[in-house]
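Please keep the sequence and the model at hand while reading.

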Amino acid sequence: MTDVRFPAPVVDPGGVAVAEFRVLAKEGGAPSTLAGCVFARFDEAGLAVETRGCRHTKGGHEEPVGDLFLL
């Protein structure tokens, strides 16, 4: 089973949004966790004009700790 999580993004009035994600899955038959975030800047028409992202994969299923994840 794959568990994908996208909490509500944080959006500022200037058109920049940040969204976290976490995927608990299996890679090569072994449990793995993929976590990261996506940054996007939108124009006045609501179109993404700039995006950035980062991600990290770790062996095993790891739940968020404390307030490091915006669930």
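Which backbone oxygen does the side chain of T33 reach? The side chain of T33 reaches the backbone oxygen of G60, at 2.7 Å. The model is predicted: local features need pLDDT of at least 70 and side-chain atom pairs count only at pLDDT 80 or more, while totals for chains, interfaces and linings use all residues. Residues are numbered from 1 along each chain as its sequence is written, and side-chain values use heavy atoms, with hydrogens and water left out.

**Strands and hairpins**

- Strands are DSSP runs of E with at least two residues, numbered from the N terminus, and two strands pair if DSSP finds at least two bridges between them.
- Strand β3 covers residues 16-27 and strand β4 covers residues 30-42; the two pair in the antiparallel sense over 12 bridges.
- Across this pairing, L24 has T33 in β4 as its bridge partner.
- The hairpin of β3 and β4 has two residues between the strands, and G28 takes a positive phi near 60 degrees there.
- Strand β5 (residues 48-59) runs antiparallel to β4, and 11 bridges join the two.
- The bridge partner of A35 in β5 is H56.
- Five residues lie between β4 and β5 in their hairpin, where G46 in the turn has a positive phi of about 85 degrees.

**T33 and A30 in strand β4**

- T33 is found in strand β4 and has a relative accessible area of 4%, so it is buried (buried means under 20% relative accessible area, exposed over 50%, and partly exposed in between, with a 1.4 Å probe and protein chains only).
- Leaving aside residues up to four places away in sequence, T33 touches R22, V23, L24, H56, T57, K58, G60, H61 and E62; contact means heavy atoms within 4.5 Å.
- A30 also has its place in strand β4, and it counts as partly exposed because its relative accessibility is 37%.
- A30 and H61 are 31 residues apart along the chain, and their C-alpha atoms are separated by 9.5 Å.

**Cysteines**

- The structure holds zero disulfides, a disulfide being a pair of cysteine sulfur atoms within 2.5 Å.
- C37 is in no disulfide, and the nearest cysteine sulfur, that of C54, is 3.1 Å away.
- C37 counts as buried because its relative accessibility is 14%, whereas C54, at 42%, counts as partly exposed.

Notes
Helices (H or I, at least four residues) and strands (E, at least two) are DSSP runs, numbered from the N terminus. A polar contact is a pair of N or O atoms within 3.5 Å; within protein, one must be able to donate a hydrogen and the other to accept it, and residues adjacent in sequence count only if both atoms are side-chain atoms.
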